[in-house]
Amino acid sequence: MKHVVIADDSATARMFIRRCLEIAGLADAEFVEVANGQEALVVMKQSRPDLLVTDLTMPDMDGVTLLRSMAASPRLNGIPTMVVSSQTNPQVDQELKQLGVKAVLPKPVNPAVVAEAFGQLEIMGDEDAE
Amino acid sequence: MLNEAKVVEIIDQSVMSVLENMAFMEVCRIEEAPYSTSILDYWAKVGLLSPLKGEVVLACASPLLSEIADTVFAGEAAGEAALMDVVAELTNTIAGNLLSKLFPSDESIRVAVPEKGRRGGLSGVHELYYQLDDGQYFCVGYHIEGMRLEGL
């Protein structure tokens, strides 16, 4: 079973992203939802996830600060990460990929776009393949 | 120079995309509010921080917000907090899309965390109205510092 952390300050966004992930192939995953980057760091240190999905604009600790903290942490470095944000463009995507992000998806996402991004993330093992 | 017609076009596209993706609702823009805006009692406001300053506001009536929340949460949560959260997320998405599409090669695009409230959120903004097939409507307002409200 895959372990997925979703970081977004909006419960609406978290629920919507979760449904897209489930439809895209992670129906049996265990999801942990958090409201900011600080909470994401705490839960990921407790249990390293197979996938982090994060927003950029969040209170207390934003997505970029979270990604920089992960890049600097041997324990969290390399976790497959997908950014889902309304603030994306080619220049921002490039900056995020330099921080180790594998996929950047603009809001609003949909299951088809998420499923396509799984190819870049390489998180789908045989047990998850449809 | 920023073109206001382009701003409106991007907001139109973003509103239609977000409602279709999140709530399976089709909307179209209408010229004026079909009935009193006093019913649009839930609002959220997202500040545009960089590379320009301004704000995007979305105001919506509780029955429409409840329908959207029921779709997103599959009927699990439709209380006051859920309605506020839905209107904030819709506004955040529209505001972020606006900057992303206006400035496709600028890495500094940034919006604020949404503010939320009840009643009176539409003051000082240019208002755009959107309607569903069943007659329900909502308003998206915007203000961009230095932009004249003409040329539409």
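Which residue of chain B forms a salt bridge with Lys107(A)? The legends below take up this contact and its surroundings in a predicted model, in which local features need pLDDT of at least 70, side-chain atom pairs count only at pLDDT 80 or more, and totals for chains, interfaces and linings use all residues. Residues are numbered from 1 along each chain as its sequence is written, chains are lettered from A in the order in which they are written, and side-chain values use heavy atoms, with hydrogens and water left out.

**View 1. A salt bridge joins Lys107(A) to Glu89(B).** The closest N and O atoms of this pair are 2.9 Å apart, and the rule (a side-chain nitrogen of Lys or Arg within 4 Å of a carboxyl oxygen of Asp or Glu) finds 1 salt bridge across the interface of chain A and chain B.

**View 2. Chain A meets chain B through 24 of its residues, which are in contact (heavy atoms within 4.5 Å) with 28 residues of chain B.** The area buried between the two chains, meaning the accessible area (1.4 Å probe) lost on putting them together and summed over both, is about 2,000 Å², and carbon and sulfur atoms give 56% of it. Thr12(A), Gln87(A) and Pro108(A) supply 28% of the area that chain A buries against chain B, more than any other three residues.

**View 3. Strands S1 (residues 3–7) and S2 (residues 30–34) of chain A pair in the parallel sense over 5 bridges.** Strands are DSSP runs of E with at least two residues, helices are runs of H or I with at least four, both numbered from the N terminus, and pairing requires at least two bridges found by DSSP. Val4(A) stands opposite Phe31(A) in S2(A).
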